[in-house]
Amino acid sequence: MSTTVKAYGAVNATDPLVPLTIERRDVGPHDVLIDIDYAGICHSDIHTIRGDWGPIAYPQVVGHEIVGRIAQIGSAVTKHRVGDTVGVGCQSNSCHVCAQCLQGHDQYCLAGNTQTYGSVDPADGTITQGGYSQTVVTNEDYVLVIPAGLDPAKAAPLLCAGITTYSPLKHWNAGPGVRVGVVGLGGLGHMGVKLAVALGAEVTVLSRGTKKKADALAFGATRYVDTTDADALRELRGGLDLIVNTVSAGLDIATYLGLLDVDGALVNVGAPAEPFTVPAFSLIPARRTLAGSTTGGIPEIQEMLEFCAAHGIHPETELIGVDQINDAWERVVSADVRYRFVIDTETFA
Ligand code: NAP
Ligand code: ZN
């Protein structure tokens, strides 16, 4: 016997999202039932529904930046208690036994992990439905503890935007003496800036125009480059050690590779539908690396949450009701978000 809850989702690739009811499975021995309080809006939600990454099945509810309180736990649950404030991010399950899972890298599960939305749920064979809804049932191993020092309404975006930038910054050793560039100042980008600054790196923001310059400097960047200004980009050539590209659209990646010093790396986390064109000579003459990265494993997400609580880092958010989701999506697509929309799920009532 499953439970029916209210949600907001898509019935096809093109129309606005609509109110829906969806089924949540019964709480199994290792599951927790979470009453969702907040759900962030990630650009990946939009790519997914609009079919940018290929066809999907509808109806589909998205949302993988989920924060709420535990309402029920399964008989064998040991990690969480009823009433705890917790989060769910992009992964809701994985094989537990492959070489990557054993290292806590469930985001790179060799068997393919279960995404919080749009995956086949190993528990019951249905398609997983995301956080734009009232509740979610998740295996306890994929549930994060929200530290007491974090405001739950602001914690939700950390579960994707936060970890997706934290993980590559840590992996590529962002820290004192490292010149980090963040391309695109949206949900991911602004978290990338705040996290890189907190890690001690020297941060340059690369964004179109000058509208976001004051914000970039307020977030701790020491330099701002308008990417529509060819001269400013030329001046930065060879001046960065690590670039995190968060742009949701196609990009002239060769120009950005040219900003790297010898041995520099450009880590792409943006996921546009269009492929990049990478000339051989944008890499060869300076032994540069072009890499990619996705989210982070459950242990690293927990580490990132503790890091944010300890350093007082939180995203800039705009809290909205469910009836504003379609407007918010339009504003995300037009890069008019400062800097993450969070849905207050109380407005389902
Ligand atoms: P977002 O808030 O919409 O930010 C994207 C930014 O990209 C915008 O703020 C804008 O920055 C820039 N941009 C947008 N359209 C552009 C265009 N046509 N040309 C140049 N720049 C443009 O999106 P997000 O939620 O941060 O997500 C960013 C990307 O990362 C998406 O593709 C998303 O799917 C992907 N993502 C990947 C992972 C992963 O695991 N790798 C996880 C989450 C998200 P400026 O206005 O500053 O120029
Ligand atoms: Zn996301």
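Reader: Start with H64 and C160: buried or exposed?
Author: H64 is buried, and C160 is buried too. Keep in mind that this is a predicted model.

Reader: And which protein donors does the zinc ion (ligand 2) have?
Author: They are C42 (SG), H64 (NE2) and C160 (SG). They lie 2.0 to 2.2 Å from the zinc ion. Along the chain, the donors follow the spacing C-x21-H-x95-C.

Reader: Where do H64 and C160 lie?
Author: H64 is in the loop between α1 (43–49) and β4 (66–73), and C160 is in the loop between α3 (152–155) and α4 (161–171), so the pair ties together parts 96 residues apart in sequence.

Reader: New topic. At what angle do the axes of α4 and α9 cross?
Author: At roughly 100 degrees, and the axes come within 10 Å. The two helices, α4 and α9, are therefore roughly perpendicular to each other.

Reader: Which residues make the contact?
Author: From α4, G162, I163, Y166, S167 and K170. From α9, E300, I301, E303, M304 and F307. By class, that contact has five nonpolar, two polar and three charged residues.

Reader: How many aromatic pairs does the structure hold?
Author: Three. One of them is Y166 with F307, a tilted pair: 5.6 Å centre to centre, 55 degrees between the planes. Y166 sits in helix α4 and F307 in helix α9, 141 residues apart. Both Y166 and F307 are buried.

Reader: What about F219 and Y339?
Author: That pair is edge-to-face, at 5.4 Å centre to centre and 80 degrees between the planes. F219 and Y339 are 120 residues apart, and both are buried.

Methods: Residues numbered from 1 in each chain as written. Chains lettered and ligands numbered in written order. Predicted model: local features only at pLDDT ≥ 70, side-chain atom pairs only at ≥ 80, totals over all residues. Heavy atoms only, no water. Donors = N, O, S within 2.8 Å, 3.2 Å for Na, K, Ca; no water. Helix = DSSP H or I, 4+ residues; strand = E, 2+ residues; numbered from the N terminus. Buried < 20%, exposed > 50% of the residue type's maximum accessible area, 1.4 Å probe, protein only. Axes fitted to C-alpha atoms, helices over the stretch in contact; angles between N-to-C directions. Parallel < 35°, antiparallel > 145°, perpendicular 65-115°, else oblique. Contact = heavy atoms within 4.5 Å. Nonpolar A, V, L, I, M, F, W, Y, C, P; charged D, E, K, R; others polar. Phe/Tyr/Trp six-rings, centres within 6.5 Å; stacked < 30°, edge-to-face > 60°.
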